[in-house]
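This report covers strand pairing, helix packing, backbone exceptions and aromatic contacts. The sequence and the model come next.

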Amino acid sequence: MDTVSLKAAAREDIETIWKMQLEAFAELLERYRDDDISPGAESLGKVMARYEQPWTTYYFITAGNQHVGVIRIVDRKDGSRKRISPIWIMPEYRNRGYAQAAIAAAEEIHGADHWCLDTILQETGNIHLYEKLGYHRTGRTERINDRMDIVYFEKD
């Protein structure tokens with residue numbers, strides 16, 4: 001595996017990030033039909049609005065000289081939990097350890113403890129990844145529709 005690094009995105013990168021996001025989440029959107037909450041159905045304006053938040057940083061996940069995915073970190077720097085929301089790896093780069101390496105890199109930048117995230121309960125690969133990285137279920141799940149639930153994780 002190529003060395004993975006995170007490169008903070010600039011304002012002019014947001015349209016590229018948005019297009020990557022739509023492509024990366026298209027399959028999940030099709031499977032779960034969660035049009036109201038899926039990153040695969042978000043507008044460019046919504047992604048730009050998140051970028052503009054002072055507590056948000058979007059990073060390109062790079063391997064070699066390729067953008068293999070993106071991770072958004074919410075870090076208010078006020079003692080509240082840092083949040084990963086969302087993270088994705090482009091389809092052609094999945095199952096190579098890039099997400100795991102990206103989360104480790106984010107923890108190096110923002111601190112290794114006091115994190116939270118959520119994922120689709122039915123996506124067992126995601127759950128396995130987060131549990132392997134030391135995240136534990138909070139016990140909270142949220143029913144989205146008859147196909148999917150969201151499960152919440154924390155890491156201390």
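Helices (H or I, at least four residues) and strands (E, at least two) are DSSP runs, numbered from the N terminus. The model is predicted, so local features need pLDDT of at least 70 and side-chain atom pairs count only at pLDDT 80 or more, while totals for chains, interfaces and linings use all residues. Residues are numbered from 1 along each chain as its sequence is written, and side-chain values use heavy atoms, with hydrogens and water left out.

**Sheet**

Two strands are taken to pair if DSSP finds at least two bridges between them. On that basis 7 strands make up an open sheet of mixed pairing, in the order S1-S2-S3-S4-S5-S7-S6. Strand S1 (4-8) and strand S6 (136-143) stand at the edges with a single partner strand each, so one side of each has no neighbour in the sheet. From one strand to the next the twist averages 30°; axes here are lines fitted to C-alpha atoms, for helices over the stretch in contact, and angles run from 0 to 180 degrees between N-to-C directions.

Strand S3 (residues 66-74) has 7 of its 9 residues buried, so S3 is largely enclosed by the rest of the structure. Buried means under 20% relative accessible area, exposed means over 50%, and partly exposed lies in between (1.4 Å probe, protein chains only). Strand S2 (residues 56-63) pairs with S3 in the antiparallel sense over 8 bridges. Within this pairing, Tyr 59 is opposite Ile 71 in S3, and Ile 61 is opposite Gly 69 in S3. The two strands S2 and S3 form a hairpin with 2 residues between them. S3 is also joined to strand S4 (residues 82-89) by 5 bridges, again running antiparallel. Ile 71 stands opposite Ile 87 in S4.

**Helices on the sheet**

Contact means heavy atoms within 4.5 Å. Helix H1 (residues 14-32) lies across S2, S3, S4 and strand S5 (115-120), and runs at about 80° to S4. Helix H4 (residues 124-132) lies across S4, S5, S6 and strand S7 (149-155), at about 160° to S5.

**Backbone exceptions**

Most residues other than glycine have a negative phi, and most peptide bonds are trans.

| Residue | Location | Phi |
|---|---|---|
| Gly 64 | turn of the S2 and S3 hairpin | about 65° |
| Lys 77 | loop between S3 and S4 | about 55° |
| Asn 95 | loop between S4 and helix H3 (98-110) | about 65° |

Lys 77 is exposed, with a relative accessible area of 66%. Asn 95 is exposed as well, at 83%. Ser 85 and Pro 86 are joined by a cis peptide bond with omega of about -5°; Pro 86 is found in strand S4.

**Aromatic contacts**

Rings of Phe, Tyr and Trp (its six-membered ring) pair if their centres lie within 6.5 Å; planes under 30 degrees apart count as stacked, over 60 as edge-to-face and the rest as tilted. The count by this rule is 4 aromatic pairs. Tyr 130, Tyr 135 and Phe 153 are linked into a cluster by ring pairs.

A charge sits over a ring if NZ of Lys or CZ of Arg is within 6 Å of the ring centre and within 35 degrees of the ring normal. Arg 76 lies over the face of Trp 55, at 4.0 Å from the ring centre. The charged end of Arg 140 is placed over the ring of Tyr 152, 3.8 Å from its centre.
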